[in-house]
Amino acid sequence: LAHMNAFLKNNSGVLFFLVLLLATGCKDNLVVDNSDQNFPLTLASELGNDKVTLRWEAANVSNFEKYVVLRSRNPIPVGLRPVFSTGEQEIVLQSDDIKTTEFVDEALPIVEKLYYKLYISIDDRFIESDAVVVNFDNLLVDGNGGVVKFVADSSWVILGDELTGTLSVLNYRTKDVLARESVQFTNADNMCMDIAVENGKQVLYWWAGYNNFYKYSLPDLTQLNYWPVPFSGFSILVNDNLIYTTQYDYNQSFTPRRKTDMSVVKAHYRLDYYTHRTLAMLDKSTSRIVEASPYRILVYNVNPVTGDETNMVEKSTNTFNVFYREMPVAKNGQYFIAQYDGSIYDQGLNLIATIPFVNNGYSDVDFSPDGQFIYATYQDFTVGNGTLIQKFTFPGMEVVASRRFNNASPRSVDAVEGGVIFVGGSINGLNQVLVKRLDF
């Protein structure tokens with residue numbers, strides 16, 4: 001013992017370490033004990049845009065040491081000691097200031113609900129509050145969101161996952177999966193889908209790539225027809241009696257087809273040989289169509305009987321960035337965004353405005369229903385693989401609002417009254433897709 005006392009006397013640093021270790025060990029062994037109910041804890045929560053605010057009353061105890069707030073994706077068991085974070089529970093606040101009565105959690109994971117609990121450390125034990133549950137308006141489904149199609153005038157979103165070979169219809173309001181079918185497809189391009197209304201009901205036409213052309217009822221995904229159409233499509237557009245397609249058939253043709261059997265009315269071959277061509281309807285009543293390739297934009301009418309093109313306007317663009325999703329068109333058909341260079345044109349192919357670039361440019365874009373605003377999504381790496389959504393005035397292109405997601409890469413954005421339907425992928429680094437309505 002004398003030798004030990006001499007060693008510790010000459011090694012004060014070791015003595016301090018041993019005292020600290022003993023003290024820490026004691027704290028780690030503290031239990032949660034609310035038995036005397038001298039200070040019952042009440043925790044309140046408030047959900048705001050991309051944040052959760054927690055509030056409580058200041059502790060009124062003389063032996064106060066600290067507050068601890070625990071967050072979990074699953075229910076927090078009664079009596080759980082908040083000593084350290086685990087893969088399931090996270091300590092998001094520790095404060096030794098007795099006057100602390102609020103915590104704002106802004107580093108939120110993308111989940112459907114979170115649980116919070118407040119603890120007070122007092123000498124020999126913890127006092128715990130009841131857990132509060134915060135529900136988020138998030139719809140999470142497994143998949144990669146390779147195919148995304150918003151069904152206008154409904155609450156439905158069509159998602160396709162080429163890795164698992166599934167096609168699903170989701171209701172973003174009720175958070176229900178309305179239908180899911182195993183399918184075979186090799187073309188994950190969104191624009192190879194279009195929706196038509198036939199006999200008062202919405203149906204889906206889908207060129208799934210390499211000879212596979214389907215027709216499904218919505219939202220139940222009952223297969224109504226199948227056609228072995230040669231080659232692989234790049235874009236389809238449905239009108240009253242015709243389906244317009246662009247495809248890679250060695251000549252990059254634009255082709256009006258009959259709905260009944262997909263037979264060709266008339267093929268139009270293009271001289272520029274790049275494979276991808278995207279279509280959008282500007283005016284259904286006159287079959288006025290815009291067709292964009294990386295080097296040219298064409299606007300023309302199609303005769304519904306002969307398939308002839310008339311009233312063509314053409315513009316060279318000298319850009320390689322063509323849309324690999326739907327081509328956004330303002331509701332009145334007067335304006336459209338043909339390419340990822342951010343150029344917005346009218347039907348005469350006059351340049352009206354340009355969308356600002358952020359990082360590597362935007363991922364998807366859409367006009368608001370009234371045509372007064374444009375929403376654009378950008379890849380954002382501020383925190384993780386995230387998304388920045390900006391709302392611009394049109395045609396002034398002033399930023400008036402924005403939203404950010406830290407752990408969701410952008411897949412698509414579709415404008416609805418008062419906001420957008422946002423679809424993000426790789427949620428929290430997982431093979432999950434987020435479908436969410438945002439009002440802003």
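Thr-393 in β31 is the bridge partner of Phe-373. That pairing belongs to a run of eight bridges that joins β30 to strand β31 (residues 386-393) in the antiparallel sense; strands here are DSSP runs (E, at least two residues), numbered from the N terminus, and two of them pair if DSSP finds at least two bridges between them. The model is a predicted one, so local features need pLDDT of at least 70 and side-chain atom pairs count only at pLDDT 80 or more, while totals for chains, interfaces and linings use all residues. Numbering starts from 1 along each chain as its sequence is written, and side-chain values use heavy atoms, with hydrogens and water left out.

Strand β30 itself (residues 373-380) is mostly covered, with six of its eight residues buried, that is, under 20% relative accessible area, against over 50% for exposed and anything in between for partly exposed (1.4 Å probe, protein chains only). Strand β29 (residues 362-367) runs antiparallel to β30 and is joined to it by five bridges, with Phe-367 standing opposite Ile-374. The two strands make a hairpin with five residues between them, and Gly-371 in the turn has a positive phi of about 75 degrees.

Another sheet, an open one, has three strands in the order β26-β27-β28, with antiparallel pairing. Its edges are β26 (335-337) and β28 (351-354); each has a single partner strand, so one side of each is left without a neighbour in the sheet. On average, neighbouring strands of this sheet are turned by 25 degrees against each other, direction ignored (axes are lines fitted to C-alpha atoms). Strand β27 (residues 343-346) pairs with β28 over three bridges, and Ile-344 stands opposite Ala-353.

Now to Val-290, in strand β23 (residues 288-292). Its relative accessibility is 0%, so Val-290 counts as buried. Among the residues in contact with Val-290, leaving aside neighbours within four places in sequence, are Leu-279, Ala-280, Ile-297, Val-299, Met-327 and Phe-336; contact means heavy atoms within 4.5 Å. The C-alpha atoms of Val-290 and Ala-280 are 5.4 Å apart, although the two residues are ten apart along the chain.

As for the rings, the whole structure holds 17 aromatic pairs. Rings of Phe, Tyr and Trp (its six-membered ring) pair if their centres lie within 6.5 Å; planes under 30 degrees apart count as stacked, over 60 as edge-to-face and the rest as tilted. Tyr-214 and Tyr-226 form a tilted pair, 5.3 Å centre to centre with 50 degrees between the planes. Tyr-214 sits in strand β17 (residues 212-217) and Tyr-226 in strand β18 (residues 223-227), so the pair ties together parts that are twelve residues apart in sequence. Tyr-214 is buried at 11% relative accessible area, whereas Tyr-226 is partly exposed at 34%. One aromatic cluster is made up of Tyr-205, Trp-207, Phe-213 and Trp-227.

Across the protein, 52% of the 440 residues are buried. Of the contacts with a separation of 6 or more, 46% come from residues 24 or more positions apart.

Notes: Helices (H or I, at least four residues) and strands (E, at least two) are DSSP runs, numbered from the N terminus. Axes are lines fitted to C-alpha atoms, for helices over the stretch in contact, and angles run from 0 to 180 degrees between N-to-C directions.
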